[in-house]
Structure formats: C-alpha cells, structure tokens
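The sequence and structure come first.

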Amino acid sequence: MRRLLVYFLFALSANAAVVPIAYRHRTLANGLEVYSIEDHTTPTVAIEVTYRVGSKDDPPHRSGFAHLFEHLMFKSTAHMKSEMMDRLTEDVGGAIHAYTGEDVTVYWEEIPSNYLHALLWAEGERMASLNVDEASFKSERDVVKEEFRSDVLGPAYGLLYNIAVDRDSYAKHPYKRPGIGSIEDLDAATLSDVQTFHRAFYRPDNAILIVAGDLDPKRFDAWVDQYLGSIAKPSTPIPRVTVTEPPRPAPRRFEEHGPNVPLPAIAMTWLIPPASSPDAEALRLLEAILGNGDSSRLHESLVYRQRLAQDVTVQASLRQNTGLFLLISTLASGKTTAEVEKALRAEVKKLMESKVPAAELEKAKNLVITAELKRRRETNVGKASAIRDAVVFHDDARYANKTLDRLQAVTAADVQQVAKKYLGGNPVVITYTSGGSK
Amino acid sequence: MIALLFVLLAAMQVETTPPPPEPPRPVQLPRPVQSTLPNGLRVVVAEKHGVPLVAARLLIASGNEADPPDLPGLAEMTAAMLTKRTTTRSAEQIARDIEVLGATLDSGADWDSSFVAVDVMSSRLPKAMGYMADVVLHPTFQNEELERLRQQKIDTIRVMLKLLPKLVLRAAAQVVYGDAPYGHTGLTIASAEAMKREDLIAFHDRYYTPANAILVLAGDVTPAEATRLAEEHFGSWKGAPPAPVPAREAKPPAPRVVIVDLPNAGQAVVVFSRPGLARTDPRYPVAQVMNAILGGGLSSRLSEEIRIKRGLSYGAYSFFEFRRKGGPFSAAVLTKNESAAEVAGLIAAEMKRIAEDPAPADEVAARKATLIGNFGRSLETNAGLAQLVGQLSLYEINLDEIRHYIESVDSVSPAQVQQFANELLAGRPSIIIAGDAKKFVDSVKKEFPDAEVIPASSVK
C-alpha cells in the first residue's frame, strides 16, 4: 500500500522560505528521462531508477510478479554476477534498496559519490539484460514467499492491511490484486515469465533516472549517454492497463478473519480520483484533518474522548488511476465494530455538513508541509523522490516545485466539497475479527 | 599513437567490468558543542542548516533501568503521561497547540533514558520549546488520564503479544536475564494495572531533574540561540541529581532452549540471545565489525546462508543492544514454521565459524565500509544527528568520538574480530523459537533434546 507523496516547497511563513529543488532534465534519444540535482553538501549521491511498471501490471494469474521481478533485478546480468549490485554498493559504504508499488517499481542506491560512474554502468547493465538462472530464480522466489509470510500471515492485521483492503475495495481494476501476491501465483511463476516481463517493461522509454547529490553535470551526462543512452529502444509498444474502475453502485460489506487477531478492526474505503486530479490537495488535507496527530478529528473523538478505538489510521491513497480514501481502526477492548463504524460515519458526516474552521485547516496545512519538508528535503533520496512523484503522477517535474501554491489555495469550501463528492459516495466496510481460516 | 588507438577501441566496446572508483572525497563531520547551565542541564547543539527544521530532544538519563522491580515499565508510563495534562493545559490543548505549529511532540522511555522529542520548523522552535518545557516541568499525572492511558497500554500489549517478533524478544529477555535487571522488557498487563498516580509522581520527582537531563538541538539553529532558548525555558528548573539506582545484582541464569507455542502462527521466529556489551565498552568498534560480518545486513553471513543461498527467510539479522550495562546480543530470523530447526542449525554454524576462523581481509574491509557508510548516512537527517549526539552525551562519551569513529572502525583487524567473537560466543546461547510449535517441535528436539515448550500466553 502506498500513499501519494506530493512535494510541498513552500514554508510556513515568509521568514522560513525554502529554495526550490533545482534540477536539470534531459530526454535521451532512446526515451530515457534523466533528471539530476547537484548538491555537494556531502560526498554522496542518490541514484534512483524508476520503471513505470507496478503490481497493477502483474500478468494474469501471476499476482505478485512485479514484486518478485524486483528481487530478481539483484541477480546476474550479461556482465554482473548475482548480488554484484550489493558488492558495488554495500561493500563500499553504500546502501541499496528497491520498492514495488501499484504503479511503479523503484530502485535506488545511496553511495559515496566516487562510485557514481560504476553505478551508472551497473544500472545500464540491468536495464539492458537480465540473465537469471533457474537455481537463483527458485531460491529468490522462496525469499518472496517468506516475505509474504512475514507481511501477511505473521502479523495479526497483515491480512487486512496487505490483502483485504484492496481486494474488497476494487471491483474491476487490477489494484484489487495483492502486490505481495499469493503463494499459489508465486509458485506458478516461471523463468520464461521473467524474460518476457523484462522485455515488455524494463526499457529506456519506460524508465526515469534521477540522480541527486555530489555530481559534476558534464561528466554525469557523458556517463549517462555512454551506459544508458546506448540501450536500444524496443519497437514494441509498452503494455498498459486500460481497465477503469467503475463507480460503486451500492455500499458493500465484507467480513474478514485472521488467526490470532487480539482486537477486532474495521476498515472503510471510498473511491477517489487519480493523483493527477485537481482535488488531490484537498483530499490530502482531508486526510490530515481526520487523522494526522493526536488533535485530529478521529483521534480526538474515537481514541481520546469516546475511547472506542485503540488507533485510527487515515489514508488518501492517491494512485495513477482510481485511488482509495481509507479509514482503518483497531478497536479498544470491549467495543464493537458497529459502535466504531457509527462513530466514524458521524465524523465523516460532519465534514460533509459543515466547513472546517480556518484554524483547523491552517493546522492541517502546517502539519502536511512540515512532514513533507522532513521527507522530501533533508536527504538526496528525499529530493529525488519528490521529482519522481511529480513525473510519475503529473508527467511534469515542475509540479514538485508548484504544489504548495495549490495546497495553500485550498479553502474550507474546497474541503467540504471534496468530502461531499467522494466520502458521500458508497463506502466499502470491512470488519476483521479472529477466526481460524482466512 | 598506440595508446590512443587502444583508448578508441576500448570506447567502442561494451565495458564488461564496472569502471573503477575515482578518488574518494572527504566526509564532513558535524562538530556539536556542549555547554552546561548553572542548574546542571547539559545543552548539546549540532548545527545543520539548509532545511528550516530542528529536531529537539530532552533526555532524562534514567529509563526502564530505574523501574522498581515490581513495576516494570514505570519509566515509560511516566514519560507517556507527560503530555496528558499539565498545570495549565489539557491533553487536547497540548496536542492542538503543538500541531498548529505543524510540529510533532512525542514522549517515551527506553532502558537508559526517558525522552521528549519535538520536530519543528526552525521559525516555530521558540514556541515549541515552551511546550516541551511545559510537559517536562509541569505534568499533573491526573487520575482520569492515567486510567485512559492504562487501558490503551494494556490493549497495546495485547496486540504486541500476538506479534511474533515482539513476543519472541519479550520471551528472550526473560530467558536470557531471568531476575537480573534486563529480564523485563517494559510494561506488562499486570504492572500497568498496578501503577498508581503516586508511583509516577515519585518517579518524576526523583529523576526529572536538570542535573539528570540533556537537551539536544540538531538542525537549523545556532548554539547562541539554543543556549538562549535553554535558559529561557529550562533555566529555572531545579532539583538535585538522583541517587544512583539501587544495584540489583543477579547473575543471568544458565542458557536454555525454549519453544514458545502460538498455535496457528503463520511463521516461526528463531532467536539466539546472550548478554552482550555495554555502550562504553572499549570493544564497541570490534563488536560492530563482528556483527556486521555475522548478521548486520543483506551482505552478512547469516543473510548469505539463510536468505540468498537457501531462500529460507526474507531477512536474517544479528544485533547488539548496547546499553549502560551489557544488553543482549541476538540473532533473529523469521522463517516458515517447518524450517525453524534448519535455520537454528545454520545460525549455530555461522556463530561457530566466525569464532573459529579469521574472516578474509576483503570481507572485513567490505563490512567496515558498510558500517562507515551507515554512520555517514545516519547524520544526514536532524533526527539521526540528534540521536547520535544524544546517545554520546547520555553515556558520557566525549563528543569527539564522532570524528574518531571512522578511524576506530577502520583499524579493526580480522584477528581482533575472531578473538572478540571467540570471547563473546563462548558457551551456549539461549535459543528461543516462537511459532506454531506442532510444526517444528520434533525437529528442534532432535537437535536440542532439552528444549522446553511454553505457551505464548505465559510470556508477560
């Protein structure tokens, strides 16, 4: 599950102004989008390669495949042995990560800047070819099955968060399938699926390279041209999901169960528009008003005053296509899901019926901005991610430096309007209680 | 001419090996400054400008270590109650006031300290400092709020005891330390039920004193401004340093092999654990290098053998919990229930290998680089910087260690690693395996005939 991370550039007041992210952009002849941000504060760089393929693109009966594939990108290529990516990063004081979302798969490294040249070579290697053998394919698939157990089967609420919310919330769109997959679908995956998937999606015209930190622009450009610009652009079209999620004709309820659930939980979801919608900022503020901090409406009402809930999480999960507005709450001992549902609905209704007071809206803006500064400003990785989301969700990197104006422009009337428009729609309600079988 | 031709040819060919690194550039390390107010409060400032944010931490140098034996978790309950009402403001006002600034306010306790943490934009720091001081100096520990928090904490513990990684570490502390001071892992349902308002007030009176506290400010703030803010908000704070915590000298019990049965658990977790090192132990650098080789990350031996070669786990790790005294050294691996015994065998084999054979020099060099890189990255955020200088100050380690850390890690030799591993890993560890016991109890008992089975419900 993943929330949209939109970047806010603006500071709270004039005396705390923040400079915009200064980036350079090139599109190579083979379609690769390249962004660089020069910053010599520390002798390190963050390298991020994003492929526009996510778990929504999992092949039929292969849920979890995009994520399994992400693991295989650490295996052998034409000129790299398995785990050589780790040798080139961890062994020299760097760190290496990858992440599979619904819409994108992101690979990133943080390395001492004197290894930038080597890492651009390596990213070119794995973009151009993968050469995975049967033994490492099977072993890595077992690792992913263990990840499934650690995320889904182990934690008491794993099934609810990682499987049930999306499965029950979407009727048609592939967002309904779990990104972590299922043991059966993972077992069905083959080595030839891996090559097919690489050919279809891992190509320069489906990728975004963002490098932030201690770099010299001229040399950087030359290395990018040499190692990534030389990769051919395939003539085949990139497969795209074209399914759209229909509006919900009626509210729906689901009863889900997991083993060893200590306290019942309840989730409510509504469909919201794509991340590129002009309503996105108001939805993020709605999220903050309802759920960000101890003084947020749901925390104050359900956790503090009425003591109905152990916790409440609110998420405006903005995606490339139809997203979800999600309320999810673990109950306090002795309370019922019906009581909590009633309280959640009462708070949602209030937002639709009356405008949020100015001070409360201001608080929500301040919280969102400060959190974004921490997440998107402090590190090279954070800055790169700000550019990435602007490019992925808005096809426009400038959005990273523009959003704050749009956020500041949101009025109490906008928030009310968005609450009515989306939370006034048909909810899906999921109750989650202890039970032997899933 | 020939050289030029060679260069041209090389450029035309695909490079089959990664280009070599260029010369490294020096790392810039922060230079925190420490001062002490007349009332004994230590103030540590680590400047980092560029982003208008500050991480503020008020540390009390007493945590769960100072809990009375019959009230484990008193430190964390006391800290959690700070924000629930002061002499002038209600819990709701406290939350609202801080959040209007866009700031966060958090409080809690670990073994060696209690803390109040504020993250805020630098322009709002003066206001936020006022709120921080209010909750530290003027909490009221009101009964109604205590009752509310008590119920919440009990529910949290209920949830936690069904969460395998948490459950197993609770069980491990009890097995490894028994009645010795580190034998508990904080609040239990029983202690939460037993705590009274007077207990919290007594803890606060005794330990929340300026001479037992450290104020850390990291980020967009100058030392002059920090000192001014510290004096303004904490200058009138009074109180003597606390008497030392009464020593509870108890020897850790003999190692055991314990299976914690949680029927229908979707996975098992295998833990090897034994007493480790104090943070101030001079062997700290060699211990870190040893751990990095054994189980400190994705490139460690445990990860290589258990995850990469055999696909038995998503993550296989070992870790020290460095505390004022020797906290545990543990290895922990989540795996499917059926693989628990195999994983235990693999952990044991790797611990034996690192103690018996010196690690190859290139492996040691690579893991040292990882440690040094992690250290540098931890200083990129205000929170990381505040954490580091706060810990140094807490353990009364010279702040100059920041500038010597890289060198001290770099100087560790393979022979030192082996010798250290040999000392640390001598004798049996305790082994704790939690999961759906029926799926692994037979195979584990084959290897460890003395393994005991306890129900998950017996873990407090």
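## Salt bridges and the chain interface

B:E65 and B:R324 form a salt bridge, with the closest N and O atoms 2.7 Å apart; a salt bridge here is a side-chain nitrogen of Lys or Arg within 4 Å of a carboxyl oxygen of Asp or Glu. B:E65 lies in the loop between strand 3 (53–60) and helix 2 of chain B and B:R324 in the loop between strand 9 (316–320) and strand 10 (328–335) of chain B, so the pair ties together parts that are 259 residues apart in sequence. Helices (H or I, at least four residues) and strands (E, at least two) are DSSP runs, numbered from the N terminus.

This is a predicted model, in which local features need pLDDT of at least 70 and side-chain atom pairs count only at pLDDT 80 or more, while totals for chains, interfaces and linings use all residues. Residues are numbered from 1 along each chain as its sequence is written, chains are lettered from A and ligands numbered from 1 in the order in which they are written, and side-chain values use heavy atoms, leaving out hydrogens and water.

Over all chains the count is 68 salt bridges. Some of them are listed here.

| Salt bridge | Closest N and O atoms |
|---|---|
| B:E65 with B:R324 | 2.7 Å |
| B:R89 with B:D97 | 2.8 Å |
| B:R279 with B:E401 | 3.1 Å |
| A:E140 with B:R307 | 3.4 Å |

B:E65 is buried at 14% relative accessible area (buried means under 20%, exposed over 50%, partly exposed in between, with a 1.4 Å probe and protein chains only). B:R89 is buried at 9%, and B:D97 is partly exposed at 24%.

In chain B, eight of the eight residues of helix 2 (residues 74–81) are buried, so this helix is largely enclosed by the rest of the structure. Its buried residues pack against strand 4 (104–109), strand 5 (114–121), helix 5 (143–160) and helix 8 (197–207) of chain B, where contact means heavy atoms within 4.5 Å.

Between the chains, the contact takes 77 residues from chain A and 72 residues from chain B. The two chains bury about 6200 Å², 53% of it on carbon and sulfur atoms; buried area is the accessible area (1.4 Å probe) that two parts lose on being put together, summed over both. Eight salt bridges cross this interface.
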